[in-house]
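Subject: Structure for your review

Dear colleague,

Please find the structure below, together with its sequence.

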Amino acid sequence: MAIYAPGKRNRRGHMSAGKKSLVVVLSLTAMVDMFTVLAVFLLQNYRVEEIQLKKSVPLPEATAVKKLKPAHVVVVTQDEIFLDETPVADFETVKEQEHWLIEPLQESLKKAIEDKKIEMESGLKNALKDAIGGEKDPADMSEEEREEERAKRYAWGRVTMQADKEIDFLTVKKVMYTITEAGASLINFAVTPKEKKPSE
Amino acid sequence: MANIDDGGGNKRAASFDLNLVPFIDLMSVMITFLLITAVWTQVSMIKLGSSIYGKQNTDETPPPPPRADVPFRLDVKDTGYRVLIGKQKYNIDKVNGEYDKEELASKLADIKQAYPDKVDAVITVEEQLKYELLIQGMDLLLQSGFPAVSVATGGAE
């Protein structure tokens, strides 16, 4: 990009005085290169959040982790219990209560799971899959494949639990019990991935 | 602006500037957008194995895993870990107030060696303990080759 020395100019934009003109070319190549590399890196790492997690909840760390899959999210913080970002119960009330069932959470989750089930069963993808019928025979599948197939079939009942690592296990048990009672078939725990130590 | 020159010579010189301004504008806008919307916190999950012991909400009952006849349980207690395999019990006490994870990992590796087909395990945690300890215990079981982990609702005895 050329930079012209300031000074008095005529109507055509040229220097009017008879002095020697000063033109400096600013090399933009390095900057364009950097922009390109940065844009490529950011685009490669770009992903849309498939799951609505709360960022303020400190999660426990684990090494044997799997990629998060879309699911209903039950968030347990030190103040409240949320279902898909909607507060459903007060943490202290749940902690103090004698019985394990958290009724507001059960009702909301049951409804959410039923809606998801209807949505998935009436989906175009499922209709196509049934029409093609290209499923493998369960007898030919390995244990892991069978588990994956089962998880896919009952994906509507998948619930991810995001709980504060500091909360007591009894409250977690109450939440887990309620999730199971609401009809969830698979419970996952959200964790922060940790690098495995070489010595381990 | 990038200048392109054919080197001159006798022919008529073809020298022109490539206008990079719109390109730089586009890049600036794109990089700003990507930096703002980037997700910096990595979150993953660990999953509970489909349990034959739990409540079944689906139509089919998962088949029992191999060697399910050998009971295998990990208790996380206030004083440390306790491993129950078959009729044997092993206590792994805390060292300097910390849970001895290395000792537990080696014990679990021994159990995996003794029962290579076994994939299921049950974990119990005392009610007053932190949820973090459940995840720690599950993580160690998963690392040791027991992917079908169930959480028992009764506390550690």
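Two residues are said to be in contact if their C-beta atoms, placed from the backbone, lie within 7 Å. Please keep in mind throughout that this is a predicted model.

**The contact between the chains**

Chain A contributes 53 residues to the contact, and chain B contributes 40 residues. On the side of chain A that touches chain B, five elements each supply at least two residues: helix H1 (29–44), helix H5 (143–153), strand S7 (158–163), helix H6 (169–181) and strand S8 (186–193) of chain A. Which of these gives the most to that side? It is S8(A), with eight residues. By residue class, the side of chain A that touches chain B consists of 32 nonpolar, nine polar and twelve charged residues.

S8(A) also pairs with a strand of the other chain. Its partner is strand S3 (residues 44–47) of chain B, and the two are joined in the antiparallel sense over four bridges. To locate this pairing in the structure, you may look for A:Ala190, which stands opposite B:Met45 in S3(B).

**Chain A**

The secondary structure of chain A comprises six helices and eight strands. Read from the N terminus, their order is β-β-α-β-β-β-β-α-α-α-α-β-α-β. Chain A has 200 residues, of which 24% count as buried. If one takes the contacts in chain A between residues at least 6 apart in sequence, 64% of them join residues at least 24 apart.

**The sheet in chain B**

Chain B contains an open sheet of five strands, with mixed pairing and the order S6-S5-S4-S7-S8. Strand S6 (88–93) and strand S8 (148–151) of chain B are the edge strands, as each pairs on one side only. On average, neighbouring strands of this sheet are turned by 20° against each other, direction ignored.

Within the sheet, strand S4 (residues 72–76) and strand S5 (residues 80–85) of chain B run antiparallel and are joined by five bridges. One residue to look for here is B:Asp75, whose bridge partner in S5(B) is B:Arg82. Helix H2 (residues 101–114) of chain B packs on the sheet, where it touches S4, S5 and S6 of chain B. The direction of this helix makes about 160° with that of S6(B).

Yours sincerely

Methods: Residues numbered from 1 in each chain as written. Chains lettered and ligands numbered in written order. Predicted model: local features only at pLDDT ≥ 70, side-chain atom pairs only at ≥ 80, totals over all residues. Nonpolar A, V, L, I, M, F, W, Y, C, P; charged D, E, K, R; others polar. Pairing = 2+ DSSP bridges. Buried ≥ 20, exposed ≤ 12 C-beta atoms within 10 Å, placed from the backbone. Axes fitted to C-alpha atoms, helices over the stretch in contact; angles between N-to-C directions.
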